[in-house]
Amino acid sequence: MFEIILLLTGTIAALSTFIANHTLKLGAVKASAGLSFIVALLCLLFDDIFKDDLALQIQLVFFGASFVGMVSKEIISKHYLVGLGGLVFSAIYLNTSYFFEGFGGALGTTACISVIIVFGLRIILNKRKQKANF
């Protein structure tokens with residue numbers, strides 16, 4: 001259940017940041033920081049609901065996945081791909097976060113890797129679609 005919550009958190013974080021950035025025109029930094037602040041505040045207010053360090057992990061995953069949502073529309077324009085990027089971020093975080101222990105920039109690096117994976121997947125799928133049309 002712990003993993004499912006964090007996978008959903010990453011997906012929601014990326015999507016909500018992308019929407020706040022591009023639809024609400026808040027800008028990437030304000031969208032990420034504002035939504036992350038709200039999530040952190042909610043986790044602090046309702047910390048009795050969460051077991052162990054789930055509240056901390058939700059905050060970290062949300063903040064890191066919000067970096068995925070900061071992506072430019074020229075790179076990734078589809079909402080489902082941004083959501084997939086958040087999901088990829090969460091999966092990488094869950095499986096490799098202990099490697100980055102003590103290093104700065106782990107969340108941003110993981111977000112960058114997630115965007116590159118989704119961007120590459122989009123290119124591969126577009127090429128396959130073009131070949132199928134010939």
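Val115 touches Val68, Val71, Ile75 and Ile76 once residues up to four places away in sequence are set aside, where contact means heavy atoms within 4.5 Å. The residue lies in helix H5, helices being DSSP runs of H or I with at least four residues, numbered from the N terminus. Val115 counts as buried because its relative accessibility is 14%, and the cut-offs behind that word are under 20% relative accessible area for buried, over 50% for exposed and in between for partly exposed, with a 1.4 Å probe and protein chains only. Although Val115 and Ile75 are 40 residues apart along the chain, their C-alpha atoms are separated by 8.7 Å.

The model is a predicted one, in which local features need pLDDT of at least 70 and side-chain atom pairs count only at pLDDT 80 or more, while totals for chains, interfaces and linings use all residues. Residues are numbered from 1 along each chain as its sequence is written, and side-chain values use heavy atoms, with hydrogens and water left out.

Helix H5 itself runs over residues 106-133, and its 28 residues reach 41 Å from the first C-alpha to the last, close to the 40 Å expected at 1.5 Å a residue; the expected span is 1.5 Å times one less than the number of residues. Besides Val115, the buried residues of H5 include Ala106, Leu107, Thr110, Ala111, Ser114 and Val118. An α-helix has 3.6 residues a turn, so residues three or four places apart point the same way. The buried residues of H5 pack against H3 and helix H4 (79-96).

Turning to helix H4, its 18 residues should span 26 Å at 1.5 Å a residue, and its end C-alpha atoms are 26 Å apart, which agrees. Buried in H4 are Leu81, Val82, Gly83, Gly85, Gly86, Val88, Phe89, Ser90, Ile92 and Tyr93, and what covers them includes H1, H3 and H5.

Helix H3 is the other partner of the buried residues of H5. With 15 residues, H3 reaches 21 Å from its first C-alpha to its last, close to the 21 Å expected at 1.5 Å a residue. The buried residues of H3 are Leu54, Ala55, Gln57, Ile58, Val61, Phe62, Gly64, Ala65, Ser66 and Val68, and their cover includes H1, H2, H4 and H5. Ala55 counts as buried because its relative accessibility is 12%. Beyond its neighbours within four places in sequence, Ala55 is in contact with Cys43 and Phe50, and its C-alpha is 7.7 Å from that of Leu44, eleven residues apart in sequence.

How do H1 and H3 meet, and at what angle do their axes cross? The axes of helix H1 (residues 2-22) and helix H3 (residues 54-68) come within 7 Å and cross at roughly 35°, where axes are lines fitted to C-alpha atoms, for helices over the stretch in contact, and angles run from 0 to 180 degrees between N-to-C directions. H1 passes H3 in a right-handed crossing, a term for a near helix turned clockwise from the far one by less than a right angle. On the H1 side the contact involves Phe2, Ile5, Leu6, Thr9, Gly10, Ala13, Ala14, Ser16 and Thr17, and these meet Leu54, Gln57, Ile58, Val61, Phe62, Ala65, Ser66 and Val68 in H3. The residues of this contact divide into eleven nonpolar, six polar and no charged, with Ala, Val, Leu, Ile, Met, Phe, Trp, Tyr, Cys and Pro counted as nonpolar, Asp, Glu, Lys and Arg as charged, and the others, Gly among them, as polar.

Asn21 also lies in H1, and it is buried because its relative accessible area is 11%. Leaving aside neighbours within four places in sequence, Asn21 is in contact with Leu26, Gly27, Ala28, Ala31, Gly69, Met70 and Val71.

The loop between H1 and helix H2 (28-45) holds Thr23, which is exposed because its relative accessible area is 51%. Lys25 is found in the loop between H1 and H2 and counts as exposed because its relative accessibility is 66%. Most residues other than glycine have a negative phi, whereas phi of Lys25 is near 60°, a positive value. Leu26, in the loop between H1 and H2, is partly exposed, with a relative accessible area of 43%, and beyond its neighbours within four places it is in contact with Ala20, Asn21 and Ala31.

How values were computed:
Helix = DSSP H or I, 4+ residues; strand = E, 2+ residues; numbered from the N terminus.
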